[in-house]
Structures are given as structure tokens and as C-alpha cells.
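Subject: Structure for your files

Hello,

Here is the structure to look over. My notes follow below it.

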Amino acid sequence: MGEDGAVGRPGVGDTVAGVVRQWRAVHPDLDTGPMEVIGRINRCAALLQQAEDAPLRHAGLTRPEFDLLGALRRTGLELTPGELARETFSSGAAVTKRLKQLTERGLVERRGDTRDRRVAHVRLTDTGRGLVDGILPEQLSYETAVLSGLDGSGQRELATLLGDLLVQLEGRLRVSPV
């Protein structure tokens, strides 16, 4: 670790490194190692959310809306709003609101269940399928550019480490994988 608290890159500081330095000055007896990892994950997530996803923004979609459309496209199934909530780690109320907007735009269709009128099944329209298929390559290109500061092995290592952490957290919090 560098003098500034930056892990693996001596002389290079980030926002979290500054926070860690401040905490070490106040509480030199505490191990700030977890803060260096969790703080950086949270900061990266916040910056990615602030930047928004350019291809999605150009298509007039939010990331959560695209996640719903993507879940329907990648599974190839009709899903209930509850299943979509689980697939996208969203609340039922948020999914209902997004589905209403996506239905109004003609990107998804809702069909009532023949046996239980309280249950709806959602599927992509041809327009929705075309939108997802058109945006996905551009979105992946955008995400590649965001990660371009890391070489291929660095990206694979980061993906592996984050995957290991996610499996541990999902197990601890009893969240089922998609």
C-alpha cells in the first residue's frame, strides 16, 4: 500500500485514500482496510450512477428500465412482476411503476393469467426486443470504455474478486442467485 493509502499503486491517491488518511489520524489504532475496499466499491458505484449510461440515456431509458427489458430478453420468457423484481433486485412497487412506463412506450405487454386474475405475465414486444438488441452492443462498448484503464487481466482479476465477494455476501444475506 502506498503512503497515501492507495492499495497497489504507490503515489496515486483517490478520494477514499484521503478519507482513510483522515480516519487514521483520528483513530490510528483502528484497521481501515475494510473501508479501503468497501469505500472504493461504493464510490465506484456512485460515480457510475452519476455518469449514467450514455447509450441508455440516448434511447430514453434508465438503467433500471433497461434491466427489466434485459431480464425479459435474456430469459426469453414471460415473467411476472414478482419474478422481474427478483431478477433485477428491485422492489415490487418500483417494478410496477417501470412496467407501466414501458407498457405506455410499447416496449412490453402485460397479459392476465387465465387461472388467477391477480397475476400478470409480462413479455417484450417486437419493438422492445429490437430496442434491447440494438442497445446491447453499444452499451457493452460503453462499459468497455469505462473499464479501459484496466488491461484484460486486471479486468478478469477484478471480476473474479468481486464475484467472490458477491457469492459470500449473497450467502450471508441469503439472496438467491439469478
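Leu173 lies in helix H8, residues 152-173; helices (H or I, at least four residues) and strands (E, at least two) are DSSP runs, numbered from the N terminus. With a relative accessible area of 59%, Leu173 is exposed. The cut-offs are under 20% relative accessible area for buried, over 50% for exposed and partly exposed in between, with a 1.4 Å probe and protein chains only. Between the C-alpha atoms of Leu173 and Arg105 there are 36 Å in space, and the two are 68 residues apart in sequence.

This is a predicted model, in which local features need pLDDT of at least 70 and side-chain atom pairs count only at pLDDT 80 or more, while totals for chains, interfaces and linings use all residues. Residues are numbered from 1 along each chain as its sequence is written, and side-chain values use heavy atoms, with hydrogens and water left out.

Overall layout

The chain has 8 helices and 2 strands, in the order α-α-α-α-α-α-β-β-α-α from the N terminus. Its radius of gyration is 21 Å, well over the 16 Å that the globule rule gives for 178 residues, so the chain is more spread out than a compact globule. That radius is taken over C-alpha atoms, and the rule is 2.2 Å times the number of residues to the power 0.38. Along the principal axes, the C-alpha atoms fill a box of roughly 65 × 35 × 25 Å. Of the 178 residues, 26% count as buried. Among contacts (heavy atoms within 4.5 Å) with a separation of 6 or more, 48% are between residues 24 or more positions apart.

The core

The largest nonpolar core has 19 residues. Such a core is a set of buried Ala, Val, Leu, Ile, Met, Phe, Trp, Tyr and Cys residues joined through side-chain atoms within 4.5 Å. Helices H4 (63-75), H5 (81-88), H6 (92-104) and H7 (126-146) and strand E2 (120-124) each supply at least two of its residues. H4 gives the largest share, 5 residues. Leu61 is one of the residues with the most contacts inside the core. Leaving aside neighbours within four places in sequence, Leu61 touches Leu56, Phe66, Leu69, Leu102, Arg105, Leu107, Leu131 and Ile135.

H1 and H2

The axes of H1 (residues 15-26) and H2 (residues 33-51) come within 9 Å and cross at roughly 145 degrees. Axes are lines fitted to C-alpha atoms, for helices over the stretch in contact, and angles run from 0 to 180 degrees between N-to-C directions. On the H1 side the contact includes Val16, Val20 and Trp23, and on the H2 side Met35, Gly39 and Arg43 are among the residues met. By class, the contact residues are 6 nonpolar, 2 polar and 4 charged; Ala, Val, Leu, Ile, Met, Phe, Trp, Tyr, Cys and Pro count as nonpolar, Asp, Glu, Lys and Arg as charged, and the others, Gly among them, as polar.

Gly33 is also in H2 and is partly exposed, at 26% relative accessible area. Gln49, another residue of H2, counts as exposed at 66% relative accessibility.

One backbone angle

Phe89 lies in the loop between H5 and H6. Its phi is near 55 degrees, a positive value in a residue other than glycine. Most residues other than glycine have a negative phi. Phe89 counts as exposed, at 54% relative accessibility.

Regards
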